[in-house]
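Thanks for asking me to look this structure over with you. Keep the viewer open as you read, and find each residue as we come to it.

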Amino acid sequence: MPRPLSPADGAPARPAPLGYAPAPESRASVRLRPAYGLFVDGSFTEPGDATFTSVNPADEQPLAEVTTATEADLDRAVAAARRAFDGVWSRTTPAERGKYLYRISRIIQDRARELAVLESLDNGKPIRESRDVDIPLAAAHFFYYAGWADKLPFAVPGVPAPRPVGVAAQVIPWNFPLLMLAWKIAPALAAGNTVVLKPAETTPLTALAFAEICQEAQLPPGVVNIVTGAGGTGRALVSHPGVDKVAFTGSTDVGREIARAVAGTGTRLTLELGGKGANIVYADAALDQAVEGIVTGIFFNQGHVCCAGSRLLVQESVAEEVVGRLKERVTRLRLGDPLDKNTDIGAINSAAQLARIQDLARAGREEGGEQWSPDCPLPGSGYWFAPTVFTGVTQAHRVAREEIFGPVLSVLTFRTPEEAVAKANNTPYGLSAGIWTQKGSRSLWTARRLRAGVIWSNTFNTFDPASPFGGYRESGYGREGGRHGLEAYLDV
């Protein structure tokens, strides 16, 4: 391949990239309380004696004090959900349940700007992502499942009259707080169940705002209950004898604990756990498009995505070109204030997560990998990590095997499609994968051989409420989204 012309050869110099003036989103739309209690039986409790502080990861400033639920609090929440299930919600007509879900969806849309700002403050993600992805998708999930509420006989083939399971205990992670809430609550309510949900301790604020939305929608008391706390609260909730169904999204290690806790109890369980997704780029791919997909696959939401394409597999003949184009593209990403509409890379969610990313990056260097990051000054306060690309790694490197959950990409190469599939499947996970090729036959050939629950072709991180999502092996089991997302909440 000929060397591209440079200014020394007489080629015109590339103009300097345009600068971007700050374009901060206003915080005026968010009205935070100094302290929050729990949301139980349709109303907020007074803040408890035991609290924790929710902080803004971009500057480490406190946002609000949040109550840590006790076992007695969980008993009250589960009892409220049981009363609502037995007395109201399971007897509400499917069409009426759908009306409540439509109403919730519309309120989320009405409060979209407030919720987007609140999500970015509490989570650290760029406002463009919370505004354009998280909040619209959360509203879309409630809208989608509202349509299913009166069509449940068609949800499970061969079962003409499925019934709700009962009380669902749901534990969600911190990477997509409101969206994960919607993934869990919308199908549960559409199927006629009631819910006790625990958000992550680092991102509880949009879940508590959702409690206000439930009040505004006049949802019957006890149908949705929000309890807050750390890992101990979640363990107590999922092992509570009063729940009929447990749904968890989070790490594989915690998922194993939950599976052990509910084993033999008759409690139904779905788990959406970690991943180490492979993003496969064949030599015939549209490389500029593929580079954009690589960037989206690993740097979207700072890499805090279970299905992130954190392993890049590039066909050897184009590997140098792809890595060169990728590095050039990454230099144009903007890291900084999550509330700035120009920001591409926001803050890491917590000090603990930052420490894990730093540890695995250090291991990558010590094992012989070549770490590259653009010249990227980091803010003086908050939790930050520059977008990073590792080359010279093998399948034995920790950075290529362990889920980092951060903006760190490992690059490996392959020569043949068979080698690409073998390397992609060489992982204990099975959640996601991406394929980049202009040949439909090659895409289908590869997809049939990949052991992953979600496979994208010539795109990545594309989601739709009608499409099921989930994995297998150490990525969990069960599906969320689509008709399949209802099955876990129906007694068939």
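The points below go through the cavities, the aromatic pairs and the charges over rings.

1. Please keep in mind that this is a predicted model. Everything here is computed from that model.

2. The largest cavity has a volume of about 90 Å³, and 16 residues line it. Closest to its centre are R311, A424, S432, R451 and A452. By class, its lining has 7 nonpolar, 6 polar and 3 charged residues.

3. Next, the aromatic rings: the structure holds 13 aromatic pairs. W89 sits in the loop between α1 (71–87) and α2 (94–110), while Y100 is in helix α2, 11 residues apart. W89 is buried, with a relative accessible area of 0%, and Y100 also counts as buried because its relative accessibility, 16%, is under 20%.

4. Now look at Y282 and F414. Their ring centres are 5.5 Å apart and their planes stand at 85 degrees, so the pair is edge-to-face. Y282 lies in the loop between β12 (278–281) and α9 (287–299), and F414 belongs to strand β16 (residues 408–414), 132 residues apart. Y282 is buried at 0% relative accessibility, and F414 is buried with a relative accessible area of 0%.

5. Elsewhere, R33 lies over the face of F44, at 4.3 Å from the ring centre.

6. Which residues do ring pairs link into a cluster? They are W183, W456, F460, F463 and F469.

Technical notes: Residues numbered from 1 in each chain as written. Predicted model: local features only at pLDDT ≥ 70, side-chain atom pairs only at ≥ 80, totals over all residues. Heavy atoms only, no water. 1 Å grid on protein atoms, 1.4 Å probe; cavity = no way out; pocket = protein on both sides within 12 Å on 5 of 7 lines; lining within 4 Å. Points joined across faces, edges and corners; volume = space filled by probe spheres on them. Nonpolar A, V, L, I, M, F, W, Y, C, P; charged D, E, K, R; others polar. Phe/Tyr/Trp six-rings, centres within 6.5 Å; stacked < 30°, edge-to-face > 60°. Helix = DSSP H or I, 4+ residues; strand = E, 2+ residues; numbered from the N terminus. Buried < 20%, exposed > 50% of the residue type's maximum accessible area, 1.4 Å probe, protein only. Lys NZ or Arg CZ within 6 Å of the ring centre and 35° of its normal.
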